[in-house]
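This briefing is meant to be read with the sequence and the model side by side.

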Amino acid sequence: MRFLPETVLLTVLAAAAAWAQEQPPANPIPPVMENSGKPMLLPFRCTEDDVQWAGLSCSADEPCPVYLELAAVESADGRVFAAGNIHSSAVTLYSVLLASEDTGHTWREAYERIRGASLDHLQFFDAELGWVSGQALSPLPQDPFLLLTSDGGKKWRPRVIFSESRVGSIQQFHFGAKDNGSLIIDRGPGSEGGRYELYESPDAGETWTIRETSDRPFQFKPSPVAPPSAWRARADGPTQSFHVERRQGERWVSVAAFAVKLGACQP
């Protein structure tokens, strides 16, 4: 057996150690945001790749502002989830799914950001089973999908609605039973064969089958009867933030706030 000279071996080990330090963790732990009573700033760094992918024209003199938007909030067994996106004035950059396990005191990102996509509806059937809907938005709403959880939001897994890429967005979805759900796709005006499509799932959202198409909007049959949500996201102009609010009697009480402005893309 041949052995490397000591100086060569040390050089190889040093290079390997340096390379290992430069590599990101296989599963990086999302940073925790602490609620101090002021709007929290979601960490975001706009990269050159982001600028090129989005086709942004940014400069040092005219940077491209980046914003956070929260579209839906829901709770399950003490855990709170908020869904939305990160966008510039013209392009949606990433989806965002936030979670708090202590009723709004600390927050983290519950699922990795999806480039060019937005999340907009949330439903939990019980403390464990839940769904969040979304779609890609560039250049048009397309490739709608769901994120599913069966452990109360600790882990999420994506499920696409279509078997191939095509235009369409999820207008509404609802699970009236643990396994059975309905979903309405809006294909946009002028779509051949009907603008709206009704899908059903027999397996908690794992798979979807189209049932009907129409030029007129669908109504779920039977129409789901559910109490009003006790949570909401509200844009607040004076603080330039989105407030995550909980209903208490006739009042809405803010439990957390996230800053709208996340910085800017620039060279």
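The points below describe a predicted model, grouped by topic. The structure holds two disulfides, an open sheet of four strands, and a largest nonpolar core of 31 residues.

**Disulfides**

- A disulfide is, in general, a covalent bond between the sulfur atoms of two cysteines.
- With bonded cysteines counted along the chain, the disulfides of this protein follow the pattern 1-4, 2-3.
- Cys46 and Cys265 form one of the disulfides, with their sulfur atoms 1.9 Å apart, and with 100° about the S-S bond this link is right-handed.
- Because Cys46 lies in the loop between β1 (33-34) and α2 (48-54) while Cys265 lies in strand β17 (residues 261-265), the pair ties together parts that are 219 residues apart in sequence.
- Cys58 is joined to Cys64 by a disulfide with an S to S distance of 2.0 Å; the torsion about the S-S bond of this pair is about -110°, so the disulfide is left-handed.
- Cys46 and Cys265 are both buried, and Cys58 and Cys64 are buried as well.

**Backbone details**

- The peptide bond from Ser138 to Pro139 is cis, with omega near 0°, and Pro139 has its place in the loop between β7 (130-136) and β8 (142-149).
- Thr103, although not a glycine, has a positive phi of about 55°; this residue lies in the loop between β4 (92-100) and β5 (106-109).

**The four-stranded sheet**

- The four strands of this open sheet come in the order β10-β11-β12-β13, and their pairing is antiparallel.
- The edge strands, each of which pairs on one side only, are β10 (169-175) and β13 (209-214).
- Neighbouring strands of this sheet are turned by 20° against each other on average, with direction ignored.
- Strand β12 (residues 196-201) pairs with β13 in the antiparallel sense over five bridges, and Tyr199 has Ile210 in β13 as its bridge partner.

**Nonpolar cores**

- In soluble globular proteins, nonpolar side chains tend to be buried together.
- Within the largest nonpolar core, which has 31 residues, the members that touch the most other members are Ile86, Leu98, Trp107, Val244 and Phe258.
- The elements that give two or more residues to this core are α2, β2 (64-76), β3 (79-87), β4, β15 (241-248), β16 (251-259) and β17, and β2 gives the most, with five residues.
- Leaving aside its neighbours within four places in sequence, Ile86 is in contact with residues including Leu42, Phe44, Val66, Leu68, Leu93, Val96, Arg113 and Leu262.
- A second, separate core of 16 residues includes Ala110, Tyr111, Ala117 and Phe145.

Note on methods:
Residues numbered from 1 in each chain as written. Predicted model: local features only at pLDDT ≥ 70, side-chain atom pairs only at ≥ 80, totals over all residues. Heavy atoms only, no water. Pairing = 2+ DSSP bridges. Axes fitted to C-alpha atoms, helices over the stretch in contact; angles between N-to-C directions. Disulfide = S-S within 2.5 Å. Buried < 20%, exposed > 50% of the residue type's maximum accessible area, 1.4 Å probe, protein only. Core = buried A, V, L, I, M, F, W, Y, C linked by side-chain atoms within 4.5 Å. Contact = heavy atoms within 4.5 Å.
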